[in-house]
Amino acid sequence: MSSIKKIIKILKQETKDFSPTLIEQIIKKYGKNPFLILICCLLSLRSKDIVTINVCHTLLKIAKTPQEILSLSQDELEKIIFKIGFHKNKAEVLHQVSHGILNRYNGKVPANRESLLKLPGVGQKTANLVLGVAYRVPSICVDIHVHRISNRLGLVGTKNPEETETTLKKIVPQNYWIEFNELLVKWGQNICTPTSPWCSKCAIKKFCKRIGVEKSR
Ligand code: SF4
């Protein structure tokens, strides 16, 4: 078995009792709705999950469709999501995305990368998450956790998430692409944290090129 498959197998076992990710919580409560996954992902950008999840629940009690988002004024939307960072900008993006989905894509979140990336505020990370989680299109969503841990492990030696995605697609078997994000997000939130990672209790430390070098615990 290759190292990458061994790492994935260990992470699946080790993370099965960890708290669900933000997107897992959204799916558990509201089902696999591509529009809700998209807007919660947009709200989560540069925000802590604990804040994002509460704001998502508050918003989704009031509006769950592009039409319902657009029925709110910019001011009303800002007030609903005000606890989240960059709330003014995010309210604007939610309006623009809802408008784009209704007018360009007949009210349905597109299931292909090119169309998703044409929506305002949607970058590669968000597009990959929606494609993978909502539509099961093989995609690797590279967020800060995936980028950091892949580099620490030495799976990649890259400077930005785009390079990381390109390299990971060459070494991670395609049938693991979608779950790779979820596993590394959980590992990054609990063990391989940005500062002071728990190297002493890391179950994949034997594969890691940076063990102990990050002021680890
Ligand atoms: S050994 Fe330390 S740096 Fe390496 S993956 Fe584990 S927690 Fe992260």
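1. Let's start with one residue. I10 is partly exposed, with 17 other C-beta atoms within 10 Å. A residue is called buried if 20 or more other C-beta atoms lie within 10 Å of its own, exposed if there are 12 or fewer, and partly exposed in between, with the C-beta atoms placed from the backbone. I10 sits in helix 1 (residues 3–14). Helices here are DSSP runs of H or I with at least four residues, strands are runs of E with at least two, and both are numbered from the N terminus.

2. A word on the model itself. It is predicted, so local features need pLDDT of at least 70 and side-chain atom pairs count only at pLDDT 80 or more, while totals for chains, interfaces and linings use all residues. Residue numbers start from 1 along each chain as its sequence is written.

3. Back to I10 and its surroundings. Leaving out residues up to four places away in sequence, I10 touches A203 and I204; two residues are in contact if their C-beta atoms, placed from the backbone, lie within 7 Å. I10 and L183 are 173 residues apart in sequence, with 9.9 Å between their C-alpha atoms.

4. Now the overall layout. The chain is divided into domain 1 (3–18 + 140–207) and domain 2 (32–135), with bounds that come from an automatic or database domain assignment. The C-alpha centres of domain 1 and domain 2 are 26 Å apart.

5. How many residues of domain 1 are in contact with domain 2? There are 10 in domain 1, and they meet 6 residues of domain 2. On the domain 1 side, helix 11 (161–171) and helix 12 (177–190) are the elements that give two or more residues. That side has 6 nonpolar, 1 polar and 3 charged residues. For these classes, Ala, Val, Leu, Ile, Met, Phe, Trp, Tyr, Cys and Pro count as nonpolar, Asp, Glu, Lys and Arg as charged, and the others, Gly among them, as polar.

6. Helix 12 has another partner worth a look. Two packed helices are described by the angle between their axes and the distance between the axes. Helix 10 (residues 144–153) and helix 12 pack at about 80 degrees, with 8 Å between their axes. The axes are lines fitted to C-alpha atoms, for helices over the stretch in contact, and angles run from 0 to 180 degrees between N-to-C directions. Helix 10 and helix 12 are therefore roughly perpendicular; angles of 65 to 115 degrees get that name, those under 35 count as roughly parallel, those over 145 as roughly antiparallel, and the rest as oblique.

7. Which residues of helix 10 and helix 12 meet? H145, V146, R148 and I149 come from helix 10, and F180, N181, L184, V185, W187 and G188 from helix 12. By class, this contact has 6 nonpolar, 3 polar and 1 charged residues.

8. Because 9 of its 11 residues are buried, helix 3 is largely enclosed by the rest of the structure. The buried residues of helix 3 are F35, L36, I37, L38, I39, C40, C41, L43 and S44. They pack against helix 2 (22–30), helix 4 (49–62), helix 5 (66–70), helix 7 (87–104) and helix 9 (124–135).

9. C40 is part of helix 3. Is C40 buried or exposed? C40 counts as buried, with 24 C-beta neighbours inside 10 Å. Apart from its neighbours within four places in sequence, C40 is in contact with L22, I23, I26 and C56.

10. Please also check two arginines in loops. R46 lies in the loop between helix 3 and helix 4; R46 has a positive phi of about 60 degrees although it is not a glycine. R46 counts as exposed, with 11 C-beta neighbours inside 10 Å. R136 is found in the loop between helix 9 and helix 10, and R136 has a positive phi of about 55 degrees, again without being a glycine. With 11 other C-beta atoms within 10 Å, R136 is exposed.

11. Last, the ligand. Among the 16 residues around the ligand, C192, P197, C199, C202 and C208 come nearest; a residue is near a molecule or strand if its C-beta atom, placed from the backbone, lies within 6 Å of it. The shell around the ligand divides into 11 nonpolar, 1 polar and 4 charged residues.
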